[in-house]
Amino acid sequence: MSRKPYIRPIPKTSWYMRDGRYKRYMLREVTCVFIGAYTGVLTMGLLRLSQGKEAYEAFLQAMNTPSAIVFHILALLFAVYHSTTWFNVTPQAMPIMKGDDFLPGKVIVTAHYAGWAVVSLFILLVVGI
Amino acid sequence: MSTKRTITFEVMRYRPESDAEPSYQTYSVPCEQEWVVLDALLYIKDNLDTTLSFRWSCHMAVCGSCGMIVNGEPMLSCKAFLRDYPDVIRVEPLTNFPIERDLVIVMDDFITKLASIKPYIIPKEERKVEQGEYLQTPVQLKKFKQYTLCINCLLCYAACPQYGLVPEFVGPAALALAHRYNLDSRDNGRSQRQEIAASHDGVWECSFVGACSEVCPKHVDPAGAIQQTKIASTMDYFLGFLQGGS
Ligand code: SF4
């Protein structure tokens with residue numbers, strides 16, 4: 001008998017609506033847009049700094065507007081979401097064997113959070129001084 | 001003593017000789033409390049409709065034949081307990097695969113990909129039988145044991161959106177098995193497997209949705225294996241760079 005396998009079409013633009021997991025994944029991916037935009041703003045700041053005091057002060061002024069502040073808060077929230085989703089999967093990507101057994105995933109995740117805290121504290125201290 | 005519960009099953013049917021496309025057929029099944037979805041399908045086949053086709057064998061989550069989509073989720077139908085489901089249950093063949101008939105999918109693509117990553121030990125040194133077996137310590141075994149548990153049920157492929165969108169993707173289970181043999185202390189075949197695993201259609205096609213690992217009934221964690229392969233391949237690249245290679 002001849003065969004006639006049926007291939008179910010997959011909607012190319014809305015496939016992620018089918019499953020909560022896919023939506024969460026898309027949310028994680030979308031965070032990079034904000035992180036990218038923030039990097040752009042930061043680079044712009046550096047450029048302005050290189051152009052002298054006046055240019056830099058105008059930049060700081062521009063950053064003091066409500067829309068800029070809202071953008072920064074949003075970017076921060078997305079960056080935190082992005083980082084935590086990655087921290088939480090690090091034990092899968094980087095299992096560490098110690099002696100006869102694997103290090104518990106919790107240890108690896110906690111180490112990442114601890115590293116994050118140390119780096120953040122360091123930066124805050126530098127900026128604060 | 002058990003009381004029966006009547007559950008409505010909406011089962012996807014596709015009869016290639018007469019159907020242009022799949023459709024749903026509804027069956028009302030008097031179910032025992034402890035049944036799984038597979039029991040209900042067997043009841044349908046034995047009592048209501050002998051034409052319904054589906055794969056199964058062991059009924060105990062070992063053979064990997066009875067994977068289906070149960071209420072939207074890739075499941076082994078022998079492990080999908082009815083007590084965890086509402087009174088209407090929708091059963092479809094595994095997504096991302098062509099349908100041969102009813103709940104039976106065509107898995108040729110997976111078999112070809114599985115063979116391509118050489119899922120067997122390619123020994124470091126050829127030994128004669130008289131030389132005895134290849135020895136391995138428990139710690140060496142532990143490194144890859146989890147990846148040996150794969151039963152080729154294909155739930156991970158059904159859960160992977162990337163495999164659906166890019167059918168060339170080697171996919172979760174095959175890449176996890178490549179990783180399993182690469183980690184084996186008796187094996188020396190990594191460079192051969194890397195030709196497939198580290199290619200564009202290999203691990204780099206994965207965007208780490210992670211759904212494969214969530215649906216895997218054997219906790220193989222193919223997503224983890226793929227990320228580890230990415231890291232190892234990146235290290236290869238940089239080491240090759242440092243050593244002046246390409
Ligand atoms: S990795 Fe898990 S879900 Fe995928 S085929 Fe193997 S056992 Fe099934």
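Where is B:Lys128 found? B:Lys128 sits in the loop between H2 and H3 of chain B. This is a predicted model, in which local features need pLDDT of at least 70, side-chain atom pairs count only at pLDDT 80 or more, and totals for chains, interfaces and linings use all residues. Residues are numbered from 1 along each chain as its sequence is written, chains are lettered from A and ligands numbered from 1 in the order in which they are written, and side-chain values use heavy atoms, with hydrogens and water left out.

**Chain B overall**

- Chain B has 10 helices and 7 strands. Helices (H or I, at least four residues) and strands (E, at least two) are DSSP runs, numbered from the N terminus.
- The C-alpha trace of chain B spans about 70 × 40 × 30 Å along its principal axes.
- Chain B holds 246 residues, and 49% of them count as buried. Buried means under 20% relative accessible area, exposed means over 50%, and partly exposed is in between (1.4 Å probe, protein chains only).
- Take the contacts in chain B with a separation of 6 or more: 63% of them join residues 24 or more positions apart. Contact means heavy atoms within 4.5 Å.

**Loop residues in chain B**

- B:Lys128 counts as exposed, because its relative accessibility is 56%.
- B:Lys128 and B:Cys150 are 22 residues apart along the chain, and their C-alpha atoms are separated by 30 Å.
- B:Lys118 also has its place in the loop between H2 and helix H3 (138-142) of chain B. Its relative accessibility is 26%, so B:Lys118 counts as partly exposed.
- Most residues other than glycine have a negative phi. B:Lys118 is not a glycine, yet its phi is positive, at about 50°.
- B:Ala61 has a positive phi too, near 55°. B:Ala61 lies in the loop between helix H1 (37-48) and strand S3 (67-70) of chain B. With 9% relative accessibility, B:Ala61 counts as buried.

**The ligand and its shell**

- Which residues surround the ligand? They are B:Cys150, B:Ile151, B:Asn152, B:Cys153, B:Leu154, B:Leu155, B:Cys156, B:Ala173, B:Cys216, B:Pro217, B:Val220 and B:Pro222. A residue counts as near a molecule or strand if one of its heavy atoms lies within 4 Å of it.
- By class, this shell has 11 nonpolar residues, 1 polar and no charged. Ala, Val, Leu, Ile, Met, Phe, Trp, Tyr, Cys and Pro count as nonpolar, Asp, Glu, Lys and Arg as charged, and the others, Gly among them, as polar.
- B:Cys216 belongs to the loop between H9 and H10 of chain B. B:Cys216 is buried, with a relative accessible area of 12%.
- The C-alpha atoms of B:Cys216 and B:Leu155 are separated by 6.4 Å, while the two residues are 61 apart along the chain.

**Helix H7 of chain B**

- Why is H7(B) largely enclosed by the rest of the structure? The reason is that 11 of its 11 residues are buried.
- These buried residues include B:Pro172, B:Leu175, B:His179 and B:Arg180.
- The cover over the buried residues of H7(B) includes helix H2 (108-116), helix H5 (155-159) and helix H10 (222-242) of chain B.

**Helix packing in chain B**

- The axes of helix H7 (residues 172-182) and helix H8 (residues 190-197) of chain B come within 10 Å and cross at roughly 160°. That makes the two helices roughly antiparallel. Axes are lines fitted to C-alpha atoms, for helices over the stretch in contact, and angles run from 0 to 180 degrees between N-to-C directions.
- Angles under 35 degrees count as roughly parallel, over 145 as roughly antiparallel, 65 to 115 as roughly perpendicular and the rest as oblique.
- In this contact, B:Leu175, B:Ala178, B:Tyr181 and B:Asn182 of H7(B) meet B:Arg190, B:Arg193, B:Gln194 and B:Ala197 of H8(B). The classes are 4 nonpolar, 2 polar and 2 charged.
- H8(B) also packs with H10(B), at an angle of about 110° and with the axes 12 Å apart. That makes the pair roughly perpendicular. B:Arg190, B:Gln194 and B:Ala197 of H8(B) make this contact with B:Thr229, B:Ala232, B:Ser233 and B:Asp236 of H10(B).

**Helix packing in chain A**

- In chain A, the axes of helix H3 (residues 66-93) and helix H4 (residues 105-128) come within 7 Å and cross at roughly 145°.
- The contact of H3(A) with H4(A) has 7 nonpolar residues, 5 polar and no charged.
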